[in-house]
Amino acid sequence: MIKRNLTKLFLSFSFSGILILSSSIVAQSEFSKLNSMSGAFSRMGFGARGISMGNSISALDEGNLVSYYNPALSAFQENNYFQTSYSFLSLDRSLNFLNFTRKFEFGKNKSADGKPRSIAGISFGIINAGVSNIDGRDNQGEKFKDLSTSENQFFLSFSNRFSEKLSIGVGLKLYYYKLYEDITSSGFGLDFGALYKFNKNLNFAFVLTDVNSKYKWDSSKLYGTSGNSKTYNFPFFVKISSAYKFEDPKVIATLEFEHSNAETDFLRLGTEYNIIENLFLRGGIDRISISNFDIPLRPAFGFSYSKMINEILVGINYAFAIEPYAAYDHHIIGIEILF
């Protein structure tokens, strides 16, 4: 009985922490509806570049790329690209990123019929999130240990450029969630994406995210015959995105529309300015609700600088994003390597 009470108490604290990790609750709004659904940690963005541009880079084929935003992007990556990022968050939360992207070229510059060579790409990465330092207390209110949760997404994507203008990719995603002792869950989902280069300056992208992603929970290991099994589906997203590259000054502007089966509609905006060689300034706004303007925006900005060291380009990335309902705002710092 005591163990059952402790478990119920812990699960209550844990689910509260999970909701805080994704964002604070806004009652009866589309924002709270979306973020109370499974997998909210994986929708906060990936790395300093994406978050600082408002997570609006699904159509961006220039610079260092990660298939988290669009599985079709990896075919455009120049050189081998590795990045890792760490987030500074309030309320004992953690959010960390790791990614590697590489492009492959097959055949000569032109085939016998004059068509472009085949160019493929691969990208894989990890998102890790969690809440630590959760008080585990007995039914007398006495603390007996610190508890924590861990939620992870492992993704792998493949893409191919079928012409100089069109790239199509597919992403595989594995989720693993450790909530408490024997209470764990895993899930599998798919992403599909396409990128079309309308001309040398303008790109369009179309992305389907979290197809068939879900968690299935089974508490019978903890509660025995009193336990039960339940499945929670992730929200499914459709994204339409564009990116425009100005030549002078060297500025990239991005715009994205996202619709989900949770009946949410958001716009995202981003910009990146290559102020001097290897120095980029960025800014963006995430979660601009079309139907409810009372939902606070999530502005962000950041920068990156890189330097060549023994034929390896090493860079540092930083992003700052406002969290409207958290005690402190979101800081991301990362290291990237091109070789």
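User: What does F124 count as at 40% relative accessibility?

Analyst: Accessibility is read in classes (buried is under 20% relative accessible area, exposed over 50%, partly exposed in between, with a 1.4 Å probe and protein chains only). F124 therefore counts as partly exposed, at 40% relative accessibility, whereas F100 is buried, with a relative accessible area of 18%. This is a predicted model, in which local features need pLDDT of at least 70 and side-chain atom pairs pLDDT 80 or more, while totals for chains, interfaces and linings use all residues. Residues are numbered from 1 along each chain as its sequence is written, and side-chain values use heavy atoms, without hydrogens or water.

User: What share of the chain do buried residues make up, and how many helices and strands does the chain have?

Analyst: Buried residues make up 50% of the 339 residues in the chain. The secondary structure comes to four helices and 16 strands, which are DSSP runs numbered from the N terminus (helices H or I of at least four residues, strands E of at least two).

User: How many aromatic pairs does the structure hold, and what is the geometry between F100 and F124?

Analyst: Rings of Phe, Tyr and Trp (its six-membered ring) pair if their centres lie within 6.5 Å, with planes under 30 degrees apart stacked, over 60 edge-to-face and the rest tilted. The structure holds 18 such aromatic pairs. In one of them, the ring centres of F100 and F124 are 5.6 Å apart and the planes stand at 40°, so this pair is tilted. F100 lies in strand β2 (residues 93-110) and F124 in strand β3 (residues 116-137), so the pair ties together parts that are 24 residues apart in sequence.

User: Which type of aromatic pair do Y175 and Y215 form, and where do these two residues lie?

Analyst: Y175 and Y215 form an edge-to-face pair, with 6.2 Å from centre to centre and 80° between the planes. Because Y175 lies in strand β5 and Y215 in strand β8 (residues 214-218), the pair ties together parts that are 40 residues apart in sequence. Y175 counts as buried at 0% relative accessibility, and Y215 is buried too, with a relative accessible area of 1%. Y175 and Y215 belong to one aromatic cluster that also holds F41, Y177, W217 and F234.

User: How does β14 pair with β13 and with β15?

Analyst: Two strands pair if DSSP finds at least two bridges between them. Strand β14 (residues 298-309) runs antiparallel to β13, to which eight bridges join it, and the bridge partner of L281 in β14 is F303. Strand β15 (residues 312-321) pairs with β14 in the antiparallel sense over 10 bridges, with K307 standing opposite V314 in β15. A hairpin is formed by β14 and β15, with two residues between them, and N310 in its turn has a positive phi of about 50°.

User: Which other residues have a positive phi, and which peptide bond is cis?

Analyst: Most residues other than glycine have a negative phi, and most peptide bonds are trans. In this model, phi of N55 is near 55°; N55 is found in the loop between α3 (47-52) and β1 (81-88) and counts as buried at 5% relative accessibility. Phi of D210 is near 60°; D210 has its place in strand β7 and is buried, with a relative accessible area of 4%. The peptide bond from D248 to P249 is cis, with omega near 5°, and P249 lies in the loop between β10 and β11.

User: How many cavities does the search find, and which residues lie nearest the centre of the largest cavity and of the largest pocket?

Analyst: On a 1 Å grid over the protein atoms alone, a 1.4 Å probe fits in a cavity but cannot get out, while a pocket is an open set with protein on both sides within 12 Å along at least five of seven lines, and lining residues have an atom within 4 Å of a point. Grid points are joined across faces, edges and corners, and a volume is the space filled by probe spheres set on the points. The whole structure has four cavities of 30 Å³ or more, and about 380 Å³ of space lies in the largest cavity. Its lining has 31 residues, with S42, R43, Y68, K239 and E258 nearest the centre. Among the elements that give two or more residues to this lining are α2 (30-35), β4 (143-161) and β13 (279-289). The largest pocket holds about 800 Å³ of space and is lined by 42 residues, of which R49, E62, G63, N64 and F280 lie nearest its centre.
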